[in-house]
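Subject: Structure handover

Hello,

Here is the structure for your files. My notes on it follow below.

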Amino acid sequence: MAEGETESPGPKKRGPYISSVTSRSVNLMIRGVVLFFIGVFLALVLNLLQIQRNVTLFPPDVIASIFSSAWWVPPCCGTASAVIGLLYPCIDRHLGEPHKFKREWSSVMRCVAVFVGINHASAKVDFDNNIQLSLTLAALSIGLWWTFDRSRSGFGLGVGIAFLATVVTQLLVYNGVYQYTSPDFLYVRSWLPCIFFAGGITMGNIGRQLAMQDITERQSATPSF
């Protein structure tokens, strides 16, 4: 009888752990879906700006949406946004450096507005040459990181994302999937890494804010004794 009483509490202790793991998995999935749709929306808007300026040219047979974008562009950007947005808080947690600089939604929205402005400038503002445009966008992108991030992990991930995305873009352009007008750097525009860097910082900030809100809600839901 005594043994039964000591063993009975065993299974009950697994309940909160399993519930916690399940809750985290669901919250992770929800954050991924939100980041995916944010990425899709930004891809549609920003790509429309590029096409209106004739910076990006798609063959007529692949233009298949009301926003004059190839069908595969928004899902790819949405997937990349979800991965980046989930990766940033994960790296922060593994490094033991929680990112708390300007952690509020108003700051995140300003970051998104600045990113859209940088992309708009790349499509609308006329510069004397591509070097001047690239240097200007590089300064704006680093300024975006300094204003809304200032973390070494954020800068490193931004540089890595810019490099990887530029390589993938070059491969797509080289294989004739689409093209840029007046390419000046291995089939693409030289300022493209700046756009990818700023985009990585922006989606990272959104992902961090969603993760922090998730943690705050879990802490508030935990009963205190």
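The side chains of R208 and D149 form a salt bridge, at 2.9 Å from N to O. (A salt bridge here is a side-chain nitrogen of Lys or Arg within 4 Å of a carboxyl oxygen of Asp or Glu.) This pair links distant parts of the chain: R208 sits in helix α8 and D149 in the loop between α6 and α7, 59 residues apart. Both R208 and D149 are buried. (Buried means under 20% relative accessible area, exposed over 50%, and partly exposed in between, with a 1.4 Å probe and protein chains only.)

A word on the basis. This is a predicted model: local features need pLDDT of at least 70, side-chain atom pairs count only at pLDDT 80 or more, and totals for chains, interfaces and linings use all residues. Residues are numbered from 1 along each chain as its sequence is written, and side-chain values use heavy atoms, with hydrogens and water left out.

Back to R208. Its relative accessible area is 4%, so R208 counts as buried. It also forms a salt bridge with D92, where the closest N and O atoms are 2.7 Å apart. D92 belongs to helix α4 and R208 to helix α8, so this pair ties together parts that are 116 residues apart in sequence. D92 has 6% relative accessibility and therefore counts as buried. The count of salt bridges comes to two. D92, D149 and R208 are linked in a network of them. In general, side chains of opposite charge can pair when their charged atoms come close.

Overall layout next. The protein has eight helices and two strands. (Helices are DSSP runs of H or I with at least four residues, strands are runs of E with at least two, and both are numbered from the N terminus.) From the N terminus, the order is α-α-α-β-α-α-α-α-β-α. Of the 225 residues, 38% count as buried. The accessible surface comes to about 13,200 Å², and 68% of that belongs to carbon and sulfur atoms. (Accessible areas use the Shrake-Rupley method with a 1.4 Å probe; for residues, only the protein chains shown count as cover.) Among contacts between residues at least 6 apart in sequence, 79% join residues at least 24 apart. (Contact means heavy atoms within 4.5 Å.)

Now the core. The largest nonpolar core has 34 residues, and L137, L144 and I206 touch the most other members. (A nonpolar core is a set of buried Ala, Val, Leu, Ile, Met, Phe, Trp, Tyr and Cys residues joined through side-chain atoms within 4.5 Å.) Elements giving two or more residues to this core are α3 (14–52), α4 (73–95), α5 (105–124), α6 (130–148), α7 (152–174) and α8. The largest share, nine residues, comes from α8. Leaving out residues up to four places away in sequence, L137 touches I118, A121, S122, W191, C194 and I195.

Q209 has 5% relative accessibility, so it counts as buried. Beyond its neighbours within four places in sequence, Q209 is in contact with R103, E104, W105 and V108. Separately, the C-alpha atoms of N27 and L210 are separated by 9.7 Å, although the two are 183 residues apart along the chain. N27 is in helix α3. With a relative accessible area of 19%, N27 is buried.

Then α4. This helix has 23 residues and reaches 33 Å from its first C-alpha to its last, close to the 33 Å expected at 1.5 Å a residue. (The expected span is 1.5 Å times one less than the number of residues.) Its buried residues include G78, G85, P89 and D92. Just after α4, G96 takes a positive phi of about 70°.

Last, α7. This helix also has 23 residues and reaches 33 Å between its first and last C-alpha, close to the expected 33 Å. Among its buried residues are S153, G154, T166 and Q170. G176 follows α7, with a positive phi near 80°. F163, L164, V167, V168 and L171 make a nonpolar surface patch of about 480 Å². (Patches take residues with over 30% relative accessible area and no salt bridge; like charges are joined within 9 Å, and nonpolar side chains, meaning Val, Leu, Ile, Met, Phe, Trp and Tyr, within 5 Å.) L171 is found in α7. Its relative accessible area is 51%, so L171 is exposed.

Best wishes
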